[in-house]
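Please read the following account alongside the sequence and the coordinates, keeping both in view as the text moves from one element to the next.

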Amino acid sequence: MPRAPRIHIAGGLYHVMLRGNHRDAIFHTPSDRDEFERILGDALERYRSHVLAYCWMTNHIHAVIKIANQPLGRLIQLAASRYARQVQRRVPTTGHLFERRYRARVITDVEYLLQAVRYIHLNPVEAGIVEDPAAYAWSSHRHYLSGAGPKWLLADAVLRHLG
């Protein structure tokens, strides 16, 4: 049975999730996360898209992505395939790095946007990795607090809804 086509909304917001195959690690070292951010940043620039929130866990990622005119799938395919090739050059493994296609939910209102950002930022707390989301180095939460971050991160787009 064929898969249902993805919904494409130009200028839309999506809560994106991508998991390691068999729930295995996709990040093996801190530099892996840095490499993923660099690759993702290049893909975001190419497709004129931005991230509103993110969290890179050991075996999966979460992000809220605002796309421009191109479908989200092109951006994710570019970033995921380039990152997978980088990892597979270093890690002695065979097969796919990522489990199935990415999952994405369209964010249709501010309430869901705020819930998604909260969920993403609390992911390392819920996993028992840290007690405070600000202590997790691979999340946009610390950028929300500092006001700094990569040029592709639009924290202000969320913060303005918080007053």
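Leu162 is placed in the segment that follows helix H5 (156–159), where helices (H or I, at least four residues) and strands (E, at least two) are DSSP runs numbered from the N terminus. Because its relative accessibility is 56%, Leu162 counts as exposed; on this scale, buried means under 20% relative accessible area, exposed means over 50%, and partly exposed covers the range in between, with a 1.4 Å probe and protein chains only. The C-alpha atom of Leu162 is separated by 8.6 Å from that of Leu114, a residue 48 positions apart from it along the chain.

The model is a predicted one, in which local features need pLDDT of at least 70 and side-chain atom pairs count only at pLDDT 80 or more, while totals for chains, interfaces and linings use all residues. Residues are numbered from 1 along each chain as its sequence is written, and side-chain values use heavy atoms, with hydrogens and water left out.

Taken as a whole, the protein chain has 5 helices and 4 strands, and from the N terminus on its elements follow the order β-α-β-β-α-β-α-α-α. For 163 residues, a compact globule would have a radius of gyration near 15 Å, and the 15 Å of the protein chain agrees with this; the radius is taken over C-alpha atoms, and the globule rule is 2.2 Å times the number of residues to the power 0.38. The C-alpha atoms fill a box of roughly 50 × 40 × 30 Å along the principal axes, and 45% of the 163 residues count as buried. Among contacts (heavy atoms within 4.5 Å) between residues at least 6 apart in sequence, 72% join residues at least 24 apart.

The strands form an open sheet of 4, in the order E2-E3-E1-E4 and with antiparallel pairing, two strands being paired if DSSP finds at least two bridges between them. Strand E2 (50–56) and strand E4 (103–107) stand at the edges with a single partner strand each, so one side of each has no neighbour in the sheet. From one strand to the next, the twist averages 15°.

Between E2 and E3, which run antiparallel, there are 6 bridges, and a hairpin of 3 residues joins the two strands.

An α-helix has 3.6 residues a turn, so residues three or four places apart point the same way. At 1.5 Å a residue, the 19 residues of H2 should span 27 Å, and its end C-alpha atoms, 28 Å apart, agree with that; the expected span is 1.5 Å times one less than the number of residues.

Helix H1 (residues 30–46) lies across E2 and strand E3 (60–66), running at about 160° to E2. Among the buried residues of H1 are Asp32, Arg33, Phe36, Glu37, Leu40 and Leu44, and the buried residues of this helix pack against E2, E3 and H2. The 17 residues of H1 should span 24 Å at 1.5 Å a residue, and the 25 Å between its end C-alpha atoms agrees. After H1 comes Arg48, whose phi is positive, near 50°.

What remains is the loop between E1 and H1, where Gly20 is found. Gly20 counts as buried because its relative accessibility is 0%, and, leaving aside residues up to four places away in sequence, it touches Ile26, Asn59, Leu97, Phe98 and Glu99. Gly20 and His96 are 76 residues apart in sequence, and 8.5 Å apart in space from C-alpha to C-alpha.

Technical notes
Axes are lines fitted to C-alpha atoms, for helices over the stretch in contact, and angles run from 0 to 180 degrees between N-to-C directions.
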